[in-house]
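Please open the structure in a viewer and keep the selection tool at hand.

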Amino acid sequence: MRQIFFRARYRTFVVPLIVILNALIFFLWHIPSENMQHIMNENFLISYDALKSGRFWTLLTSEFSHNAFFHIFLNMYILMSFGSAVESVLGPKSFLKFYLTAAIVASLSHALASAYFLGAPELPALGASGAIAGVILVFSLVFPREKVFLLGFIPMP
């Protein structure tokens, strides 16, 4: 992955902002208040039922939401690893547009799949995994021969 940083045209700033936003929302999940938990459940979890009740913003807010440390750590580590390279190629505006689009598509996919394939429209989801999967896809297309390290130390093409 060292080659990618030599190719970077400028220092990225959208990826670190996304990481900071995710961290702030992570801390909101851990405020010990019943009222705060209700607010987080209503506004930061995506489900078909949430969309049916008009909470369309959850298509985006759920993708910035994590409530388990390992979940946010892994997602943000992967985002920093691959997202910075992708942002350096696409530029900040295009990267942000792509990231938000991937986030919405991922959330909508969860809502529709849980309602129509699993028969559980109330099934909530959260996390940036869907948007990050989109970033990894773009990384793979832009850098098809780049060596990456599985688990941080196993090199693979």
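A crossing of two helices is called right-handed if the near helix is turned clockwise from the far one by less than a right angle, and left-handed if anticlockwise. The model shown is predicted.

Begin by selecting residues 92–116, helix α7, together with residues 129–142, helix α8. The crossing of these two helices, α7 and α8, is right-handed. Their axes lie 7 Å apart, at an angle of about 130°. Angles over 145 degrees would count as roughly antiparallel and those from 65 to 115 as roughly perpendicular; α7 and α8 are therefore oblique to each other.

Next, display the side of α7 that meets α8: Phe95, Phe98, Tyr99, Ala102, Ala103 and Ala106. Their partners in α8 are Gly130, Ala131, Ile132, Gly134, Val135 and Val138. Sorted by class, this contact of α7 with α8 comprises ten nonpolar residues, two polar ones and no charged ones.

Now move to helix α2, residues 14–29, and select Leu28. Beyond residues up to four places away in sequence, Leu28 touches Met36, Gln37 and Met40. From the C-alpha atom of Leu28 to that of His110, the separation is 23 Å.

Finally, show the entire protein, which has eight helices and two strands. Along the sequence these follow the pattern α-α-α-α-α-α-α-α-β-β. The C-alpha atoms fill a box of roughly 45 × 35 × 30 Å along the principal axes. Of the 157 residues, 39% are buried.

Notes
Residues numbered from 1 in each chain as written. Predicted model: local features only at pLDDT ≥ 70, side-chain atom pairs only at ≥ 80, totals over all residues. Heavy atoms only, no water. Axes fitted to C-alpha atoms, helices over the stretch in contact; angles between N-to-C directions. Helix = DSSP H or I, 4+ residues; strand = E, 2+ residues; numbered from the N terminus. Parallel < 35°, antiparallel > 145°, perpendicular 65-115°, else oblique. Contact = heavy atoms within 4.5 Å. Nonpolar A, V, L, I, M, F, W, Y, C, P; charged D, E, K, R; others polar. Buried < 20%, exposed > 50% of the residue type's maximum accessible area, 1.4 Å probe, protein only.
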